[in-house]
Amino acid sequence: MAERVRFENVVDGVRLGSADGRWIESANPFTGKPWAEVPHCGLDDVDRAVDAAHKAFVKGPWPSMTASARGKLLRRLGDLIERDAARLAEIEVKDNGKLLAEMAGQVRYMAEWFHYFGGLADKIEGGVIPTDKPDMFTYTKREPLGVVVCITPWNSPLLLLTWKLAPALAAGNTIVIKPSEFTSCSTLAFMDLIAEAGFPQGVVNTLTGFGSEIGTALVEHPKVAKVAFTGGDATGASVYAAAARGIKHVTLELGGKSPNIVFADAAIDDAVKGAISGIFAASGQTCIAGSRLLVQRAVYDEVCEKVASFAATARLGDPMDSGTQVGPITTQPQRRKVLDYMEVARGEGARCLLGGGTPDRPDLKDGWFVEPTIFADVSNDMRIAREEVFGPILSIIPFEDDEEAVEIANDTIYGLASGVWTSNIRRAFTMADRIRAGTVWVNTYRAVSYLAPFGGYKKSGIGRESGQHAIDEYLQTKCVWINLAEGVPNPFVLR
């Protein structure tokens, strides 16, 4: 057995394991074998991490640092990410099984968030208010919240951490990161760059372990001011409830059942490529997956045939291999869930056009693979169309006209993302107005940027990540009144 790599947490600038010496195995989804260990933290570790972050927020170099100085640290961190992108991407692939080709580009692109928010750090401004009170000078200040807990998922650990970490630090907060117990390694490796960039001790801390053991204590800790969570809607609701007990600020980026809508006037070949990338990229393990493909009846048979033919060419294999197009599922429980949904779809009467099980290739037998799967003739009341599968399963749903397309698209508890494929510019704008989702892509899919806000409607979440909107999620406003007159107004009269 190959020697396992041991990654340690960072708390108050010090590398350490858990208080009681326990460890969690991390398995490589391609080989199915453990390759690393991370600390198995408990309640004592929660206090240690949060106390370190709180201490760094209230005293020491961080609270006295100018916004411009904070920005320089963030930009330096961005430079270091660019330098070490290949190393971080390889760790992430070993941990979550996504394609190296995708992870390498994703990690390099992460640097842009730190460059962007580094530049935004000293552009946070208050204002002078011309009030109706004579002899009063009134102004506002934007101030950080305090200790922010960032809870990140297993599908894109570093990128989704970055969407929280960059604006939170730019605003002047301190951080405790709780990554998924399945994919903590890249986050712990990333902490080397935090130290090298020059962030003061305690500003960024990590805490690894199981949410069932430490999640509630972390979210409810009295020294925590804000929770930024990405994950499933059921867990998100629990986080929201726990945070509410302490009246804490919350950002939630949750699930989706995103409609990808193909009209008869679309460039069909482009729409087919968009449908494939929308669901099979990252093996469908992304909250924005276009898992519901709505197709106008006039082109329904053509699109079904082309999507199935194109998806059948997808190459499954080692995610480290540049020729691989579909990798394994990240965790064994998730793989089982995906396979169970295939049986649910068959039981409800959906017609399987492609896949529907596990590959029988000998070279894939140890990995956690499922086949790219397409079900046609799906109705929107089937479970396969209503529940988030988080795997490479595409449900194709027919529709007649624009009204029915909007009705089906919005008939979901989610509202994270959507796609529209059409050559009609009027329809493009109309559909963008009528779809109840935080993101609408027209003639493209899965485009994101550090410049553009991202977040959901309905049960897909609360708040926005990326863009200028994101930094507002980590700030609070203080109003200051200064009496310029001599004497004090009548204390019994509200002025």
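This is a predicted model: local features need pLDDT of at least 70, side-chain atom pairs count only at pLDDT 80 or more; totals for chains, interfaces and linings use all residues.

Residues are numbered from 1 along each chain as its sequence is written, and side-chain values use heavy atoms, with hydrogens and water left out.

Helices (H or I, at least four residues) and strands (E, at least two) are DSSP runs, numbered from the N terminus. Axes are lines fitted to C-alpha atoms, for helices over the stretch in contact, and angles run from 0 to 180 degrees between N-to-C directions. The two packed pairs are listed here.

| Pair | Angle | Axis distance |
|---|---|---|
| Helix 9 (268-280) and helix 10 (300-311) | about 55 degrees | 10 Å |
| Helix 7 (211-220) and helix 8 (233-245) | about 40 degrees | 8 Å |

Helix 9 packs against helix 10 at about 55 degrees, which makes helix 9 oblique to helix 10. Angles under 35 degrees count as roughly parallel, over 145 as roughly antiparallel, 65 to 115 as roughly perpendicular and the rest as oblique. Contact means heavy atoms within 4.5 Å. Helix 9 contributes Ile268, Asp269, Val272, Lys273, Ala275, Ile276 and Phe280; helix 10 contributes Glu302, Val303, Lys306, Val307, Phe310 and Ala311. By class, this contact of helix 9 with helix 10 has 9 nonpolar, no polar and 4 charged residues. Ala, Val, Leu, Ile, Met, Phe, Trp, Tyr, Cys and Pro count as nonpolar, Asp, Glu, Lys and Arg as charged, and the others, Gly among them, as polar.

The crossing of helix 7 and helix 8 is right-handed. Thr216, Val219 and Glu220 of helix 7 meet Val239, Ala242, Ala243 and Arg245 of helix 8. Those residues divide into 4 nonpolar, 1 polar and 2 charged.

Now the cavities. A cavity is a set of points on a 1 Å grid over the protein atoms alone where a 1.4 Å probe fits but cannot get out; lining residues have an atom within 4 Å of a point. The count comes to 3 cavities of 30 Å³ or more. The largest cavity has a volume of about 70 Å³. Of its 14 lining residues, the closest to the centre are Gly284, Ala289, Ser291, Glu388 and Phe390. A volume is the space filled by probe spheres set on the points, with grid points joined across faces, edges and corners.

Note on methods
A crossing is left-handed if the near helix is turned anticlockwise from the far one by less than a right angle, and right-handed if clockwise. On a 1 Å grid over the protein atoms alone, a cavity is a set of points where a 1.4 Å probe fits but cannot get out, and a pocket is an open set with protein on both sides within 12 Å along at least five of seven lines; lining residues have an atom within 4 Å of a point.
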